Amino acid sequence: SDREQLMGIIKEQMERCWSVATTTVPAVKPVVRLQLTAAGAILTSPALLNSGDANFQAVADSGMRAIRQCAPYRIPAKFADKYSDWKTITVKLDPSDLL
């Protein structure tokens with residue numbers, strides 16, 4: 001679907017800014033909600049939606065830093081007319097994607 005394709009594009013951009021200090025992947029992956037403008041800028045501060053073990057917080061902190069550092073996100077023009085579908089997104093921060 002278009003939403004899945006766009007989520008992949010955004011996640012790819014975010015991962016370029018993400019460096020994880022821990023090599024231990026938490027049992028529970030942090031989930032972050034963020035709102036974007038149509039131009040790809042962050043509209044409101046990213047919100048952590050869950051909690052977990054000791055490694056969880058380090059992954060959550062580094063992932064949220066990466067989300068902020070990588071903004072604004074490059075949103076391809078073909079997604080502009082579907083803005084209402086993707087203005088609020090959730091991202092699962094899984095450091096194993098980076099290994």
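1. A word on exposure to begin with: a residue is buried when its relative accessible area is under 20%, exposed when over 50%, and partly exposed in between (1.4 Å probe, protein chains only). With 30% relative accessibility, cysteine 17 therefore counts as partly exposed, while cysteine 70, at 11%, is buried.

2. Please keep in mind that this is a predicted model, where local features need pLDDT of at least 70, side-chain atom pairs count only at pLDDT 80 or more, and totals for chains, interfaces and linings use all residues. Residues are numbered from 1 along each chain as its sequence is written, and side-chain values use heavy atoms, with hydrogens and water left out.

3. Those two cysteines belong together. The whole structure has 1 disulfide (a pair of cysteine sulfur atoms within 2.5 Å), and this bond joins cysteine 17 to cysteine 70 with an S to S distance of 1.8 Å. The pair links distant parts of the chain, 53 residues apart: cysteine 17 sits in helix H1 (residues 2-17) and cysteine 70 in helix H2 (residues 54-70). The torsion about the S-S bond is about 130°, so the disulfide is right-handed.

4. Now for the fold. The protein chain has 3 helices and 3 strands, in the order α-β-β-α-α-β from the N terminus. Helices (H or I, at least four residues) and strands (E, at least two) are DSSP runs, numbered from the N terminus.

5. On contacts (heavy atoms within 4.5 Å), 77% of those with a separation of 6 or more in the protein chain are between residues 24 or more positions apart. Of the 99 residues, 33% count as buried.
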